Amino acid sequence: METLKSLIPEHLLQTVKSSSSSVDDLLSSSSSLLRFLLGLPQFHQAVSELADPDLGCCGKSHESSLDLKRQGNLCFRSRSFDDALRFYSKALRVARDNTLLASLFLNRANALHNLGLLQESLRDCHRALRIDPFYSKAWFRRGKLNTLLGNYKDAFRDITVSISLESSPAGKKQLQNELLAIPDFQNKQTSENTLCYATADLPNVQSEVKLRCVSTKEKGRGMVSESDIEQPSVIHVEEPFCVVISKSCRETHCHFCLNELPADSVPCPSCSVPVYCSESCQIQSGGMLSTNEMDKNQSFQNLPDDIVEHIKGVTSAVRYYSETECVQEHQHECRGANWPAVLPSDAVLAGRVIMKLINQGETAMDLSNLHEKLDLSHSYSKMSPENKLELHLLSIVLIWCLNKSCCPDLSVCEASVSQTIILLSQIKVNSMAIVRMKSSGVSFKCIPAGNVSAKEPIQSLEQIRVGQALYKIGSLFNHSCKPNIHLYFLSRGLVMRTTEFVPLGCPLELSYGPEVGKWDCKDRIRFLEEEYFFHCRCCGCSQMNISDLVINGYCCVNSSCTGVVLDSSVAACESEKLNHFLAAPKSLDHHFLVSEKVYAGVSEVASSLLIKPSGSLHIKADKCLKCGSRCEVENSHVEVNKAWNHLRRVEELMNSGRANISVLSDCLRSIAVLRTLLHMYNKDIADAEDKVAQACYLAGEMKGAREHCEASIKILKRLYGDEHVVIGNELVKLASIQLASGDSSGAWETTKRLSQIFSKYYGSHAETLFSYLSCLKLEAAKAVNL
């Protein structure tokens with residue numbers, strides 16, 4: 001893209017960069033740039049490499065699959081089953097020949113069996129047999145697995161089929177012995193859930209919840225309640241209009257449902273890019289299963305009828321298609337061309353939107369009505385000149401790739417390009433990041449009380465972005481830095497839940513990322529202006545709150561004073577916020593419309609702000625907002641940076657497994673510096689306390705780990721509030737420390753508290769979303785003999 005930019009003449013660059021969002025203006029700039037690029041050999045070379053399947057590296061390769069299979073076999077023979085599994089899975093992604101696919105599925109089944117993953121191994125046997133119903137070894141392996149899983153009736157039938165396919169007398173005799181070794185199955189029923197996958201259905205919205213879309217001068221369209229809504233209530237659920245996986249998660253998460261991939265992931269049968277958690281997700285995404293639908297009645301005519309029916313049930317793919325709704329969002333990308341793997345996620349998502357509307361017959365081939373079909377807001381006119389140029393180039397490249405690789409009827413013209421520019425700008429401000437909460441380590445492991453591993457970190461939660469999606473109704477909910485609704489995702493489905501009582505007519509608002517407690521006001525405003533092109537005036541950014549004052553504040557030089565000292569940038573932002581609020585019409589005599597709790601909090605750290613000013617209010621930097629003492633913030637800032645640099649080096653040692661008592665001593669010295677210079681509710685101290693807790697834990701100092709973890713939580717409660725989901729995440733760490741140190745009653749109480757918080761934000765889905773939660777509850781309950 002940068003090479004193409006460098007070839008564009010200056011006058012054309014200026015035309016594009018200065019374009020507005022009006023139809024005529026965009027058509028003109030799109031037409032000029034399109035004509036120039038179509039006459040440029042370098043453009044044709046670049047897009048050919050993206051759009052031509054013959055030049056792509058995303059197709060299948062028989063040679064590569066054979067080489068990967070050989071490497072997997074070497075690992076298997078040396079009993080490196082994890083490595084064998086990895087190579088077989090890679091080989092499956094690029095294999096195209098059915099015979100090779102069947103053998104790879106069976107090889108991977110053997111590796112999974114040796115790793116103790118019996119259900120996953122059984123599913124791979126099933127896949128091998130769906131491709132080759134005459135695969136005797138696969139029937140035998142399936143029989144062995146069903147025996148181990150207690151599915152004796154299926155095991156008997158599997159081995160019976162294997163005997164019928166075995167040609168050598170010695171082999172038949174061995175299989176007969178295997179058949180005799182299967183326990184009596186007459187009273188054992190085959191598990192009906194052997195090949196099922198765990199799913200969570202979207203909840204129902206309560207019948208009394210009524211929402212309405214309104215439009216205001218300040219925020220444009222938004223959603224409000226038409227009735228009183230209790231806390232917590234599900235107010236909205238929605239499947240995405242279109243979704244795309246994050247590039248960083250392509251190897252770890254299913255490309256359809258976005259859940260973590262199991263060990264027996266399913267490859268796309270037509271290209272090497274996507275992998276799925278199951279056949280169901282593969283079909284919904286638009287793929288076809290690898291099958292061999294032959295006449296089983298004729299082939300197995302000498303077997304009893306019940307065995308023939310068993311063969312049909314195992315090897316048929318019909319039930320997958322009958323049970324699965326096909327979304328087909330990947331089908332147009334499934335030709336082996338490079339563009340879906342190379343272009344940014346925004347562009348790939350735009351391509352899916354375009355092809356969905358074309359396939360549904362809802363848009364013309366020049367996309368002239370695309371904007372009105374989606375009916376989403378955009379902020380193209382507010383974008384920087386460089387961003388406008390980027391959108392023009394990306395739109396031309398995307399339309400060209402779609403035309404050449406999958407949709408020859410799509411017009412490559414100024415109309416389609418200009419509409420795609422608007423679509424990309426709509427995606428910029430309307431798409432949502434689909435996230436998952438991941439626990440530390442490969443998986444959450446409950447540590448029995450009093451049993452501490454020196455190498456095991458404190459259990460903690462990390463939010464990872466797994467995908468990006470458009471939700472047409474969900475995009476109508478506006479932002480607030482103090483939101484009253486919380487959203488989460490079940491697979492791809494969006495769920496919105498109130499976190500407080502919402503009265504009739506009140507706006508329903510979520511956080512677009514920044515929240516009070518996470519960042520201070522100036523950083524939140526800057527982020528929202530840069531990413532979403534609006535200046536936030538929500539209650540969190542227009543009314544005084546303790547969090548914005550202390551989150552980056554310094555302490556007073558008077559050790560007995562609890563006042564906060566601000567640097568110049570924070571002081572300027574808080575001055576503007578307070579003066580804006582003072583100038584607004586008041587409905588109450590008191591000049592600050594704040595709750596009693598907020599008033600008390602501000603009084604603790606900045607009581608001077610509660611004195612009604614005679615004119616405009618100017619908060620002075622470097623001066624305590626409670627007692628007025630002067631503080632040299634610049635000098636404090638230098639010392640704070642030194643302490644943090646030291647903490648980061650210590651963290652690197654901990655991450656590399658080199659934590660010891662001397663590392664812990666270094667941590668304690670650094671945090672002592674921070675406590676001396678920063679306000680006691682500064683978020684940096686909370687982060688530092690968290691790191692020191694980790695160092696104590698790794699050094700086996702459980703008492704110190706608990707104390708520092710509790711100190712971090714105490715600060716975060718002042719920044720976020722006692723009931724915020726962030727507090728629940730931190731309580732997970734505390735519970736794991738308490739369990740590891742033998743404090744069973746403490747762990748039980750902490751677990752109950754975090755369960756209450758998670759229930760408020762996630763309802764009955766808390767244990768579905770956080771698989772460790774039930775484990776944590778179980779261990780804590782066992783520890784207190786409940």
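In the predicted model, the largest nonpolar core comprises 83 residues, of which Leu549, Leu674 and Phe758 touch the most other members. Helix α30, spanning residues 725-740, gives the most to this core, contributing ten residues. When residues up to four places away in sequence are not counted, Leu674 touches Val640, Ala643, Trp644, Leu647, Asp684, Ile685 and Ala688. In soluble globular proteins, nonpolar side chains tend to be buried together.

Across the whole structure, a search finds eleven aromatic pairs. One of them joins Tyr512 and Phe534, whose ring centres are 6.4 Å apart; the planes of these rings lie at 85°, so the arrangement is edge-to-face. Tyr512 belongs to the loop between β12 (509-510) and α21 (521-532), whereas Phe534 belongs to the loop between α21 and α22 (539-542); the pair therefore ties together parts that are 22 residues apart in sequence. Phe534 is partly exposed, its relative accessible area being 27%. In the pair formed by Tyr762 and Phe770, the ring centres are 5.0 Å apart and the planes are at 75°, so this pair is likewise edge-to-face. Both Tyr762 and Phe770 are buried. Ring pairs also link Tyr512 and Phe534 with Trp519, Phe527 and Tyr532 into a cluster.

Charged groups are also placed over aromatic rings. The charged end of Arg86 sits over the ring of Phe87, at 4.8 Å from the ring centre. For Lys356, the charged end sits over the ring of Phe241, 4.2 Å from its centre.

Note on methods. Residues numbered from 1 in each chain as written. Predicted model: local features only at pLDDT ≥ 70, side-chain atom pairs only at ≥ 80, totals over all residues. Heavy atoms only, no water. Phe/Tyr/Trp six-rings, centres within 6.5 Å; stacked < 30°, edge-to-face > 60°. Helix = DSSP H or I, 4+ residues; strand = E, 2+ residues; numbered from the N terminus. Buried < 20%, exposed > 50% of the residue type's maximum accessible area, 1.4 Å probe, protein only. Lys NZ or Arg CZ within 6 Å of the ring centre and 35° of its normal. Core = buried A, V, L, I, M, F, W, Y, C linked by side-chain atoms within 4.5 Å. Contact = heavy atoms within 4.5 Å.
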